[in-house]
Amino acid sequence: MDGHLIKELQKRRTFGIISHPDAGKTTLTEKLLLFGGAIQMAGAVKAKRAGRYATSDWMTIEKERGISVTTSVMKFTYNGFEVNLLDTPGHQDFSEDTYRVLTAVDSALMVIDSAKGVEPQTEKLMEVCRMRNTPIMTFINKLDRDGMAPLDILADIEDKLQIECAPLSWPIGMGKRFRGVYNRHQNQLYLFTPGGETRHQEGILITDLADPRLDEMLDSQADELREDVELLEGAANPFELEAYLKGSQTPVFFGSAINNFGVRELLDAFVEMAPSPQARPTTTRLVDPQETAFSGFAFKIQANMDPAHRDRIAFVRICSGKFTRGMKVLQTRIGKQVTLSNATIFMAQDRTHVEEAYPGDIIGIHNHGTIGIGDTFCEKEALSFTGIPNFAPDHFRRVQLNNPLKAKQLLKGLTQLAEEGAVQFFRPLTGNSYILGAVGVLQFDVTMARLKSEYGVDARYEPVSFAAARWVTSEDRKQLAHFEKEKYASLAHDSHGKLTYLASSLWRLDNAMEEWPAIRFHKTRELI
Ligand code: GDP
């Protein structure tokens with residue numbers, strides 16, 4: 001056992017935020033960074049926000065790589081912990097990357113707008129978390145505004161997301177009547193003053209809710225709080241660390257990100273409870289982060305939109321051992337030794353002087369298209385990490401070449417972009433066109449721009465009436481052959497030659513699933 005490695009491991013927390021656009025992810029991120037002392041990064045978060053609505057802006061920002069790269073991984077230290085926050089792009093940037101980032105974290109923070117409850121994007125991201133039973137901590141935001149009753153929000157979470165809620169704090173009023181939160185975990189009262197921004201207020205220790213100081217501070221709302229807490233003692237789930245770590249229960253906190261209220265308590269609970277880097281499965285065995293041999297996998301690839309610089313950055317999550325600059329590792333898929341000399345280690349303060357990184361940390365490796373999503377890098381034995389899937393796309397376009405002589409380039413470009421995880425493509429069993437599939441529509445614009453600039457392809461999109469894709473398999477070969485024959489016109493092969501069912505509506509998909517019980521319809525496909 002390497003004592004130094006274990007120490008480094010224990011202080012690391014690697015997480016992502018899951019939320020629906022406008023719930024307050026960016027605002028909360030900025031406040032977390034402020035606590036972590038990475039104030040200059042807070043500006044970078046804003047810089048990205050400014051340009052997230054239009055493709056052209058997005059590309060400009062991609063060109064100024066510094067910004068988007070630093071906001072992809074935000075690292076800060078807090079109370080002796082090394083926290084890595086991986087960005088889960090939302091709005092129009094929403095793509096498979098958003099999902100895949102969640103395969104590289106050890107836990108997630110869910111932000112919910114108190115007026116809206118659980119929204120669709122949160123539900124989708126939660127599905128991904130559920131695949132790995134990722135522990136989730138919840139922050140109910142915007143208590144300074146009128147919203148749903150707190151108990152209704154918890155019921156909504158339990159109902160829509162199928163996860164038990166354990167409220168560790170409880171709000172006292174909301175909107176104009178919002179007075180603060182009572183932290184049930186610490187028996188502390190935190191009084192709310194609007195516009196707190198960067199200041200932090202100490203909590204007031206209240207060991208007994210009958211304490212008359214409560215009435216002085218809260219007037220009539222003191223009794224409301226007493227009643228609420230009494231109700232919770234009886235009705236709410238008691239917090240169980242094990243259940244949280246298993247992903248079956250989420251501890252819940254209330255606050256207001258913009259007022260920096262409740263954020264400190266959230267961060268304190270997070271570093272205390274959230275898991276340090278966890279063991280990860282490979283095709284052959286589980287890799288423990290304490291193993292001294294280095295290993296990691298690529299979960300995101302970011303291309304440089306500037307055609308003059310064809311290089312890409314692969315984001316690699318370290319899973320075991322220690323990374324040192326210049327080390328030689330095996331890239332399992334291509335079976336080659338590569339030297340990680342020009343890797344970027346994402347650090348909050350001083351990126352240039354860091355020479356080492358540990359499990360849970362993310363390193364950026366520059367390359368020219370030689371790294372694919374899911375690629376494993378390892379020091380000793382040849383390993384391949386699993387659980388970095390393709391996700392069934394929700395949006396589809398047909399690609400039509402304007403110049404038919406470019407068919408070869410189109411295939412080459414699409415194959416490479418699919419490998420990078422930028423887009424997926426399907427070849428219907430009938431005809432010889434390409435159907436592109438994406439999780440977010442911005443992926444289409446990015447793909448077209450890259451096909452043109454990097455592969456010289458002149459093409460256009462045509463609409464196509466597909467609403468869902470599912471990879472299909474069956475243990476029953478006869479049934480599968482029967483299914484193939486019946487559904488021939490709706491079937492395609494993906495870039496790996498895997499059979500995929502393309503449905504023109506969700507209704508049709510449900511129908512097919514009912515009609516063909518022996519066929520399995522998969523929403524994800526493991527890359528390895
Ligand atoms: P994102 O889309 O999830 O990143 O959300 P943002 O952080 O951009 O927030 C969306 C909007 O909600 C912005 O106008 C924020 O100023 C606002 N907002 C964020 N937190 C709060 C809060 O605690 N209270 C109120 N009233 N507004 C908030």
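Author: Alanine 392, for instance, sits in the loop between β23 (389-391) and β24 (395-401). Two points on the source. Residues are numbered from 1 along each chain as its sequence is written. The model is predicted: local features need pLDDT of at least 70, side-chain atom pairs count only at pLDDT 80 or more, and totals for chains, interfaces and linings use all residues.

Reader: How many helices and strands does the protein chain have?

Author: The protein chain has 16 helices and 32 strands.

Reader: Is alanine 392 buried or exposed?

Author: Count C-beta atoms, placed from the backbone. A residue is buried if 20 or more others lie within 10 Å of its own, exposed if 12 or fewer, and partly exposed in between. Alanine 392 has 20 such neighbours, so it counts as buried. Of the 528 residues of the protein chain, 45% count as buried.

Reader: What does alanine 392 touch?

Author: Contact means C-beta atoms, placed from the backbone, within 7 Å. Setting aside residues up to four places away in sequence, alanine 392 touches Ala468, Ala469, Arg470, Lys523 and Thr524. Across the protein chain, take contacts between residues at least 6 apart in sequence: 72% of them join residues at least 24 apart.

Reader: Where is tryptophan 471?

Author: Tryptophan 471 lies in strand β28 (residues 468-473). It is buried because 20 other C-beta atoms lie within 10 Å. Its C-alpha atom is separated by 6.2 Å from that of tyrosine 501, 30 residues apart along the chain. Beyond four places in sequence, tryptophan 471 touches Lys498, Leu499, Thr500, His522 and Arg525.

Reader: Which residues of the largest nonpolar core touch the most other members?

Author: A nonpolar core is a set of buried Ala, Val, Leu, Ile, Met, Phe, Trp, Tyr and Cys residues joined through C-beta atoms within 7 Å. The largest one here has 131 residues, and Ala108, Leu109, Ala298, Val316 and Ile435 touch the most other members. Strand β15 (residues 312-320) supplies the largest share of this core, 6 residues. Among the contacts of alanine 108 beyond four places in sequence are Phe15, Ile17, Cys129 and Ile136.

Reader: How do I read two packed helices?

Author: Two packed helices are described by the angle between their axes and the distance between the axes. Axes are lines fitted to C-alpha atoms, for helices over the stretch in contact; angles run from 0 to 180 degrees between N-to-C directions. The axes of α2 and helix α12 (residues 263-273) come within 10 Å and cross at roughly 70°. That makes α2 roughly perpendicular to α12. The cut-offs: under 35 degrees is roughly parallel, over 145 roughly antiparallel, 65 to 115 roughly perpendicular, the rest oblique. Leu28, Lys31, Leu32 and Phe35 of α2 meet Val263, Arg264 and Leu267 of α12.

Reader: Which residues come nearest to the ligand?

Author: Near means a C-beta atom, placed from the backbone, within 6 Å of the molecule or strand. Of the 17 residues around the ligand, Lys25, Thr26, Thr27, Ser256 and Ile258 come nearest. Helix α2 (residues 25-35) gives the most to this shell, with 3 residues. By class, the shell has 4 nonpolar, 8 polar and 5 charged residues. Nonpolar covers Ala, Val, Leu, Ile, Met, Phe, Trp, Tyr, Cys and Pro; charged covers Asp, Glu, Lys and Arg; the others, Gly among them, are polar.

Conventions:
Helix = DSSP H or I, 4+ residues; strand = E, 2+ residues; numbered from the N terminus. Contact = placed C-beta atoms within 7 Å.
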